[in-house]
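Have the model open and follow along.

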Amino acid sequence: MERFVCKDGRRLRCGYTTGTCAALAAKAAAGYLLRGVWEKEPGIMTPGGVYVQAGIEEMRAGPQGAGKSMDDCTRRAVPGVWFAECAVRKDAGDDSDVTDGLLIFARAEFAKGACGCGAAAGERGPRVFIEGGKGVGRVTKAGLDQPLGAAAINSGPRRMIEKAVQEVLLSCGEARAVQITIFVPAGERAAESTFNPVLGIRGGISILGTSGIVEPMSDEAMIGTIRVQLEVLQAGGRQYAAAVVGKLGAGFLRRYLERQGLAPSAAGRMCEEAVICSNFIGSTIDLAGELGYSGLLFAGHIGKLVKLGNGIMHTHSREGDGRMDTLLSCALDAGAKLSLLKKIRAANTTNEAVELLKETGLLEKAMERLLDRIDEYLQRRAVQGLEMGVILFGQDGEVLAENRKAGRVLKQLENPSNKG
């Protein structure tokens, strides 16, 4: 795809979503079902207003398996053709996406009678039934875009598929209902590296895409994922949530909970439910407030969370640093001498600075001051009444400090109903 954005001084190529791939493949498959000719590079207008074309692969058509979805008396548009299927290869552009390169298949066939599995198109034209097959996940938790038991094909892609297939049906004067089945042979394995297991989507990837276009390193996409995680927990009755920057923080939190005497099964549940917020601390607080949460617990390595003590709510290095400046200020308040301050200023990592504070017996006081600063900035960001606990871990997972509210929020998290 020849569309680019500029980020951090680099020119990066955009890609297209799994939803766009599914719609393109569905259009081509429906076209062959009706006309008997493959459109080698189908095109669609994405919801974001970008026209996308892509080549199709793995084209197949014929009578096999027709009885499962068609009456024998159903008139065939093309003699001998009961179904048609093909794939579009996912192109994530310069974004790091585990679905990049996957073949997203669509199978088109006339629906049997009026039945169909999935969402119907409505009253705007011929009905299009959309279902998920192998490698497309199934929804097992409430709070997601699709209802329990449905294929994880979000509403945006469903509209794209419907529109693309209807264009073909209307151009051919075809009024019969068509069923489109989206499947991804490598989807189940790819899903293991996504958020789907955490969100309660089992058996494969999700077919996603709001705009239809993937922008490299998209903040919007990550924030959207955080929202979904919070919504799923809320749909399960949760009013308190733990948030970790990544898997390292989740591992530290689990070991901490077990050391506190929590059963491994309970500790495991809490960590599996922890929201992966990446660098988006501020956005996570905003979303929790918007959704009406009662409390959040942020747990992670001091190297990331120390930035909160300087009011930096997006902890990626490109947004700001301030780690050593914050630790310097806290060390000064703890009574550090000039010689120690100079060493901290010259330290390469927060781990090195922490060791310097340990050696001089000032770590506890410095961490107390750091927590005071973090609390101040978190409360400025949060809606009134949102409790926020913080636990800071060191290099080996040892607890460096935790604020007063951490214990209360943890107690609420230990309760599976967690309704506050």
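By class, how many nonpolar, polar and charged residues does the lining of the second largest pocket have? The lining has four nonpolar, three polar and three charged residues, where Ala, Val, Leu, Ile, Met, Phe, Trp, Tyr, Cys and Pro count as nonpolar, Asp, Glu, Lys and Arg as charged, and the others, Gly among them, as polar. Before going on, a word on the source: this is a predicted model, in which local features need pLDDT of at least 70 and side-chain atom pairs count only at pLDDT 80 or more, while totals for chains, interfaces and linings use all residues. Residues are numbered from 1 along each chain as its sequence is written, and side-chain values use heavy atoms, with hydrogens and water left out.

Back to that pocket, whose volume is about 150 Å³. (On a 1 Å grid over the protein atoms alone, a pocket is an open set of points with protein on both sides within 12 Å along at least five of seven lines, a cavity is a set where a 1.4 Å probe fits but cannot get out, and lining residues have an atom within 4 Å of a point. Points are joined across faces, edges and corners, and a volume is the space filled by probe spheres set on them.) The pocket is lined by Tyr256, Leu257, Gln260, Gly261, Leu262, Glu402, Gly407, Leu410, Lys411 and Glu414. Helices H6 (247–259) and H14 (404–414) each give at least two of the lining residues, and H14 has the largest share, with four.

Now zoom out. The protein chain has 14 helices and 20 strands, taken as DSSP runs numbered from the N terminus (H or I, at least four residues, for helices; E, at least two, for strands). Of its 420 residues, 55% are buried, meaning under 20% relative accessible area with a 1.4 Å probe and protein chains only. Take the contacts (heavy atoms within 4.5 Å) between residues at least 6 apart in sequence: 68% of them join residues at least 24 apart.

Is Lys27 buried or exposed? Lys27 is buried, with a relative accessible area of 13%. Leaving aside neighbours within four places in sequence, Lys27 is in contact with Glu39, Pro42, Gly43, Ile44, Ala164, Glu167 and Val168.

Another open sheet of five strands, again with mixed pairing, has the order S17-S16-S18-S19-S20. Its edge strands are S17 (275–276) and S20 (399–402), each pairing on one side only. S16 and S17 pair in the parallel sense over two bridges, and Val244 stands opposite Ile276 in S17. Helix H13 (363–381) packs on the sheet, touching S19 (387–393) and S20, with its direction at about 145 degrees to that of S19. S19 and S20 are antiparallel, paired over three bridges, and the bridge partner of Ile391 in S20 is Glu402. Glu402 is also one of the residues lining the second largest pocket. The S19–S20 hairpin has five residues between the strands, and Gly397 there takes a positive phi near 85 degrees.

Finally, look inside. The structure holds one cavity of 30 Å³ or more, and the largest cavity has a volume of about 70 Å³. Eleven residues line it, with Tyr240, Ala242, Met270, Glu273 and Leu413 nearest its centre. S16 (240–244) and helix H7 (264–273) are the elements that give two or more residues to this lining.

Definitions and conventions
Buried < 20%, exposed > 50% of the residue type's maximum accessible area, 1.4 Å probe, protein only. Pairing = 2+ DSSP bridges. Axes fitted to C-alpha atoms, helices over the stretch in contact; angles between N-to-C directions.
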